[in-house]
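Hi,

Here is the structure I promised to pass on to you. Please have a look at it first, and then read my notes below.

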Amino acid sequence: MNPDTNSKNRKEEIRKKYREWSWDAKCISGICELSKNNLEVTFNPKFSKGTAAARGNKPLKIGRHHYWELRIITIAYGTDVMIGVGTKRANLMDTEGKFCSLLGQDHESWGYSYKGYLQHGGQKHPYTACFNEGSVIGVHLDTWRGRLQFFSKQKSLGVAFTGLKNIVLYPMISSTSANTKIRILYCCSIPSSLQTECLSVLPRVQRNFLSDTYPVLQYLTQSTFADVLRKNSEIESDEEVSEFAPKYRRSVKLWYRRIN
């Protein structure tokens with residue numbers, strides 16, 4: 001089997017095991033229903049009564065990289081369906097009978113709309129791709145730099161918001177459409193550190209080499225963050241891959257011996 005396929009399969013197995021938080025049954029609108037161990041939210045069951053919203057049951061700790069993925073299970077339509085973050089002061093409860101773009105309507109939350117725009121402080125700005133039924137949207141919060149970015153099909157859509165450093169935030173979602181279902185697929189975090197900074201600039205071929213040669217490093221090289229933090233656009237030719245081993249094998253082994 002192709003090494004890249006093996007690596008991808010191992011990542012998927014790891015991803016399924018880690019869910020650091022779920023939706024908070026105490027912090028959802030009255031027009032929401034939770035299911036599947038509070039991983040899935042149904043907004044406005046049967047018919048819409050306004051803007052429904054849900055918040056994660058744990059704050060996203062400062063000093064860490066956080067990443068989660070949400071699947072949009074049903075068709076998104078109507079005034080708005082949004083994914084984002086907010087502080088505990090964000091008002092999610094007093095929304096029945098109101099149809100609005102909830103996340104980002106004030107300065108306590110930041111939202112990404114299914115229509116492809118961003119909102120914060122009541123200001124809307126064009127962002128990138130829209131999302132709808134079947135979409136898997138990833139969210140990466142870098143609390144060290146105070147940046148938030150979104151992913152589609154595990155590819156970054158670009159930095160959406162900055163200025164979030166030292167702000168305690170919660171994952172949030174909202175919808176005005178009837179019978180909208182959104183499910184958490186995966187959510188985890190790792191500390192911001194020199195290791196993660198190195199991981200962000202390490203090309204894929206080098207990560208694979210480290211993973212195969214030193215299995216003890218697989219917790220890092222095969223984690224979701226190996227892709228989420230990647231800064232380089234990797235277009236690697238067969239020639240570059242074949243040249244890697246003789247060029248780097250000795251230096252990597254010497255480095256590994258030193259740290260052990």
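Strand 6 and strand 7 (residues 109-113) run antiparallel and are joined by five bridges. Within that pairing, isoleucine 83 sits opposite tyrosine 112 of strand 7. Before I go further, please keep in mind that this is a predicted model.

Strand 6 has another partner as well: strand 13 (residues 170-175) pairs with strand 6 in the antiparallel sense, over six bridges. There, valine 85 faces proline 171 of strand 13.

How many of the six residues of strand 6 are buried? Six of the six are, so strand 6 (residues 81-86) is largely enclosed by the rest of the structure.

The largest nonpolar core has 37 residues, and Ile83 is among the members that touch the most others, along with Trp68, Phe150 and Ile173. Another core lies apart from that one; it has nine residues, including Leu92, Cys100, Tyr170 and Met172.

Now to the charged side chains, which may interest you when you set up your own work. The structure holds four salt bridges, and here are some notes on them.

- Arginine 89 pairs with glutamate 108, with 3.3 Å between the closest N and O atoms. Both residues belong to the loop between strand 6 and strand 7, yet they are 19 residues apart, so the pair links distant parts of the chain. Arginine 89 itself is exposed, at a relative accessible area of 57%.
- Aspartate 94 and lysine 98 meet through their side chains in a salt bridge of 3.5 Å, N to O. Lysine 98 counts as partly exposed, with 41% relative accessibility.
- Arginine 145 forms a salt bridge with aspartate 142, and the closest N and O atoms are 3.3 Å apart.

Is aspartate 142 buried or exposed? Aspartate 142 counts as buried because its relative accessibility is 5%, and the cut-off for buried is under 20%.

Best wishes

How values were computed
Residues numbered from 1 in each chain as written. Predicted model: local features only at pLDDT ≥ 70, side-chain atom pairs only at ≥ 80, totals over all residues. Heavy atoms only, no water. Buried < 20%, exposed > 50% of the residue type's maximum accessible area, 1.4 Å probe, protein only. Helix = DSSP H or I, 4+ residues; strand = E, 2+ residues; numbered from the N terminus. Pairing = 2+ DSSP bridges. Core = buried A, V, L, I, M, F, W, Y, C linked by side-chain atoms within 4.5 Å.
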